[in-house]
Amino acid sequence: MYKLRPHHLLCTQGYSGNGYSEDFVDNMNTITSYLRNNLNSKIEIIFSTDDLCASCPNKIGTNLCKDNFKVQSYDEKIINYFNIEEKIYNYNKIVSEIFSKITPLILEDICSNCAWYPISRCRKNILQI
Ligand code: SF4
């Protein structure tokens, strides 16, 4: 079962093949394709670095990212908007719940200062527009 930090619930949906390094992209491809294609996949939400961070050149240590201030703010916003807890979820179910509540303004509030937001398919895949 994959471990994901809260904001990666959105990244695994918006991801469209771009990333920080070859290893990162390989890992992202494996995890996103598994999660998107297995309707009953379970994930564990953790409030720390996760299985995507594991192959990221920005990971400095446990719960420590080069962009810690920024990524922790994404996590906090997801936690508050969608009442996310540190526990096991059905990935597709929690993503569907988020999709039913998210609006363009909320997505903008969470993600607008992320470098991938203008490049990846976040708006298209998450807002389904
Ligand atoms: S940038 Fe930071 S939060 Fe994002 S995957 Fe890399 S280590 Fe994790």
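**View 1. Lining of the largest pocket in the predicted model.** The largest pocket is lined by 30 residues, of which His7, Cys11, Tyr20, Cys114 and Trp116 lie nearest its centre; a pocket is an open set of points on a 1 Å grid over the protein atoms alone, where a 1.4 Å probe fits, with protein on both sides within 12 Å along at least five of seven lines, and lining residues have an atom within 4 Å of a point. Two or more lining residues come from each of α1 (8–14), α2 (22–37), α3 (68–82) and α5 (104–111), helices being DSSP runs (H or I) of at least four residues, numbered from the N terminus. The largest share, four residues, is given by α1. The model is predicted, so that local features need pLDDT of at least 70 and side-chain atom pairs count only at pLDDT 80 or more, whereas totals for chains, interfaces and linings use all residues. Residues are numbered from 1 along each chain as its sequence is written, and side-chain values use heavy atoms, with hydrogens and water left out.

**View 2. Cysteines.** The structure holds zero disulfides, a disulfide being a pair of cysteine sulfur atoms within 2.5 Å. For Cys114, the nearest cysteine sulfur, that of Cys11, is 6.3 Å away. Cys53 is buried, with a relative accessible area of 9%, where buried means under 20% (1.4 Å probe, protein chains only).

Notes: Buried < 20%, exposed > 50% of the residue type's maximum accessible area, 1.4 Å probe, protein only.
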